[in-house]
Amino acid sequence: PAPALYVSGAGEFCEGDTLTLRAASFGGEELSYLWTGPTGHTHLSAEWQLGALGSNDHGHYTVRATNTDECSDEESLDLIVNAKPIIYLGYADTVCYGQPQLLDPGNGFESYLWHDGSTAQTMLAMDPGLYSVVVTNEKGCMAADSVALVPCTIDLLLPNAFTPNSDGLNDVFRPIFRGWEPGSYFMQIYSRWGQLLYETTNPSEGWDGTADGVPLPPGVYAYVIDRKSVV
């Protein structure tokens, strides 16, 4: 007699769900199994752990079971794998807080649930902190995202005088970056007659008041700073 085979695992799921397909004999006999998936991939076991489901797992599956007498039975099942929502609350995990931020995961979802229990589509973030939302689409698939609003102090401080006398205090002229780092940087120092005295691309270096190693007299000097910020 051919084996009497049954299978389980068919149904409708969301991307990222985990699933194991199972096949067995109603009579409990020892069988060998050959699963075939929708893309032609195969598996040789009574259980097939698909893991986190993706779009490639969507489709028709068959399993053929054979007993020791070389008699076979075949069953099939279908999986529907629905796409998860794709949402982004911010362009990065953290956003500098300076003014109110309108957080919007996007429209067209069945439901929204924010960290504070709000169910509106959008939230106006007024204060620093962690903001998160879970959305559910029409298939019941969920996605979550979060963004932290952090208070940022972003300043570029430039002294209007310095004292290059090697006393360890204000011995070099350079800008002070507070709360950010320059992505690119270029500084030049000129005399009042337009003579180039010093230049650097290193924001941690400064001018020590010399030209070719010779200390220059006190006076008025001009600087040019070109920089791009990376917050």
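Author: Let's start with a term we'll need: a residue is buried when its relative accessible area is under 20%, exposed when over 50%, and partly exposed in between, using a 1.4 Å probe and protein chains only. What you're looking at is a predicted model, where local features need pLDDT of at least 70, side-chain atom pairs count only at pLDDT 80 or more, and totals for chains, interfaces and linings use all residues. Residues are numbered from 1 along each chain as its sequence is written, and side-chain values use heavy atoms, leaving out hydrogens and water.

Reader: Okay, so is E70 buried or exposed?

Author: E70 counts as exposed, because its relative accessibility is 64%. You'll find E70 in the loop between β7 (59–66) and β8 (72–82). Strands here are DSSP runs of E with at least two residues, and helices are runs of H or I with at least four, numbered from the N terminus. E70 isn't a glycine, yet it has a positive phi of about 65°.

Reader: What about N170: buried or exposed?

Author: N170 is exposed, with a relative accessible area of 55%. N170 sits in the loop between β15 (155–157) and β16 (176–178), and has a positive phi of about 50° although it is not a glycine.

Reader: And which residues does L89 touch?

Author: Touching means contact, that is, heavy atoms within 4.5 Å. Leaving aside residues up to four places away in sequence, L89 touches several, among them L103, W114, Y131 and V147. The C-alpha atoms of L89 and L103 are 5.8 Å apart, though the two are 14 residues apart along the chain. L89 lies in the loop between β8 and β9 (94–97), and counts as buried because its relative accessibility is 9%.

Reader: Zooming out, how many helices and strands are in the protein chain?

Author: Zero helices and 21 strands. Along its principal axes, the C-alpha trace of the chain spans about 110 × 45 × 30 Å. Buried residues make up 30% of the 231 residues.

Reader: How do I read a pocket, and which residues lie nearest the centre of the largest pocket?

Author: Rolling a probe the size of a water molecule over the atoms shows where empty space is left. On a 1 Å grid over the protein atoms alone, a pocket is an open set of points where a 1.4 Å probe fits, with protein on both sides within 12 Å along at least five of seven lines; lining residues have an atom within 4 Å of a point. Here the largest pocket is lined by 23 residues, with F162, P164, W207, G219 and Y221 nearest its centre.
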